[in-house]
Amino acid sequence: MAIAAEDVFYSYNAGTPAEHAALEGVSFSVERGERVSIVGHTGSGKSTLAQHLNLLLFPRSGSVSIDGVSSKPGSPDARELRRKVGLVFQYPETQFFAETARDEIRFAPSNWGMRGDDLDACVDEAADAAGIEPSLLDSNPFSMSGGQRRRVAIASVIAMKPDYLVLDEPTAGLDAAGVRGLERILSDIRARGLAVVQVTHDLESALAHSDRILVLERGRAVASGTPEEIAVFLADNPVQGLLMPPTARFAMGLRSRGIDVSVTSGVPELVSALEKAERPDE
Amino acid sequence: MERAPVFSFRGVVYSYGGSCSPALSGVDLEIMPGEWVALLGANGSGKSTLAKICNALLLPAQGDCFVLGMDVSAPENIPLIRQSVALVFQNPEDQIVASIVEEDVAFGPENLRLPQAEIRRRVDAALELTGLADMKRRGSYTLSGGQKQRLALAGALALEPRALVLDESTSMLDPEGRASFLERIGELNTHGMTMIQITHRMDEIFFASRVVVLQSGRVAWDGESSDFWDGPYLSFDFEEPPELALYRELKARGFVPSGTIPRVDDLLESLWL
């Protein structure tokens, strides 16, 4: 069970003088239960690719299939397929309209005809998955912190019971504590068996939390692999707008000095690698 | 040659109307020519208020404040103070006044009624320094966030100030844009520009020679930046960047000497490897 994009080309304003190629032959796949990051600079095409994954956009050429089924614009199965893929937009809380978190989260399932205990259970489960305290459910989202609002937005997508969750810059605008909290929640969501696809320009977060990473540059895939492989690639081939985190740069520096250490190491691992290294007597 | 301070504050107090506690409650600070001072503080610590006093946008309610030897309380000094100290704010959109890049940069020098040839020279120099020379005919509003921030800096530089006050001026930049912005600023400082860099990000202070921490409108710490990152920062509520966490651990085990600049390349070079 997977979403597979193959050789996708997409242009905005196609056929007009303002035509702009956003994706030029990108292939990408994600299986259920995987956590994958799509990284790239502003304008690299990463949000465009994310919108292909839930069929908001359709490729000009190439294909996107969800669990083996591909679809065309306007076809009746597009709607069914789209339900499998929850998309959390950038700054999703700007689209809030309800007066309580509960009403916000129940909106989609209740629109689909869910009622009574089923609906309540669905809301509770989604809130739990997104790390929202039950006591917060009757609060007004507009009086919540940035991190709490982001979780409500995620819960309202999870309430649609998708198999795949695609998030566009989910940590944008959050402070450090908010980012850490959200990272934990995304790990929990993945542990529930969903695929989590995160679009981000935060390489540090992508390296630390992904099974695989796709690197986009000007609409093309320039690398794809494990965080380890991507860090090694980026150390040799800098990509515009993607800055290697300090710990990864330090790890690469240690490796070039003969100390074997993972590029995704945190500070404690880096220090203990140095402790194990032979230190000449002074 | 006598070196007079660029900024000299003694007992500076400032309150905003209607607010019960003063934004600045007795600031003493002296900044010498060519210094690069990182002014750190949490929201509400008074750092933006101090920035505005630096070029006489706000005048202290109490205390003495001299800029390049000029008393800010004397109205006749204000035009020259504002020419000598350029302020770059957080949001570049608030500072862009013209729809074409080079016209925006020319706005300041034109207001100084300089001859056309001099305006041209300053605009070209400022665009060159900020890396915007290729974009001078572009529409200001078509620039990216980082380019707009550089445009705001170019507008400030065209005044050919003696000192630059940057109030969270890298807030709109991605990490790479931030690094290149700070590098350009660094070049200006090596050519003698006095800098006050207001920030709440610890990873931006590695370029500064001196750190001043403001807390509740007072100077809570003032000293060399290398002394600051050797420990005192831990008693303040700042987010510790990974470089500093790394430096702290490496230093504790004797892997790098105290005083190493906590940047990745400097740390690696200080190892025995």
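How many salt bridges are counted between domain 1 of chain A and domain 2 of chain A? The count is 1 salt bridge, and in this predicted model the side chains that meet in a salt bridge include those of Arg255(A) and Glu228(A), with 2.6 Å from N to O.

**The two domains of chain A**

The domain assignment of chain A gives domain 1 as residues 2-238 and domain 2 as residues 245-277, and the C-alpha centres of these two domains lie 32 Å apart. Where the domains touch, 8 residues of domain 1 of chain A are in contact with 7 residues of domain 2 of chain A, and together the two domains bury about 590 Å², of which 73% is on carbon and sulfur atoms. Of the area that domain 1 of chain A buries against domain 2 of chain A, 58% is supplied by Glu204(A), Leu207(A) and Glu228(A), which is more than any other three residues supply.

Polar contact is found across this interface of domain 1 and domain 2 of chain A in 3 residue pairs, both residues of each being at pLDDT 80 or more. On the side of domain 1 of chain A that touches domain 2 of chain A, the elements that give two or more residues are α7 (203-209) and α8 (227-236) of chain A, and α8(A) gives the most, with 5 residues. By class, the residues of that side of domain 1 of chain A divide into 6 nonpolar, no polar and 2 charged.

**The interface of chain B and chain A**

Between the chains, 20 residues of chain B are in contact with 25 residues of chain A, and the two chains bury about 2000 Å² between them, 74% of it on carbon and sulfur atoms. The interface of chain B and chain A holds 2 salt bridges; a salt bridge joins the side chains of Arg180(A) and Glu239(B), at 3.4 Å from N to O. Polar contact across the interface of chain B and chain A is found in 2 residue pairs, again with both residues at pLDDT 80 or more.

The side of chain B that touches chain A draws at least two residues from each of α6 (175-190), α8 (242-252) and α9 (264-270) of chain B, with α8(B) giving the most, 6 residues. That side of chain B has 12 nonpolar, 1 polar and 7 charged residues.

| Interface | Buried area |
|---|---|
| Domain 1 of chain A and domain 2 of chain A | about 590 Å² |
| Chain B and chain A | about 2000 Å² |

Terms used
Residues numbered from 1 in each chain as written. Chains lettered and ligands numbered in written order. Predicted model: local features only at pLDDT ≥ 70, side-chain atom pairs only at ≥ 80, totals over all residues. Heavy atoms only, no water. Domains from an automatic or database assignment. Contact = heavy atoms within 4.5 Å. Buried area = accessible area lost by both parts, 1.4 Å probe. Salt bridge = Lys/Arg side-chain N within 4 Å of Asp/Glu carboxyl O. Polar contact = N/O pair within 3.5 Å; in protein donor to acceptor, adjacent residues only side chain to side chain. Helix = DSSP H or I, 4+ residues; strand = E, 2+ residues; numbered from the N terminus. Nonpolar A, V, L, I, M, F, W, Y, C, P; charged D, E, K, R; others polar.
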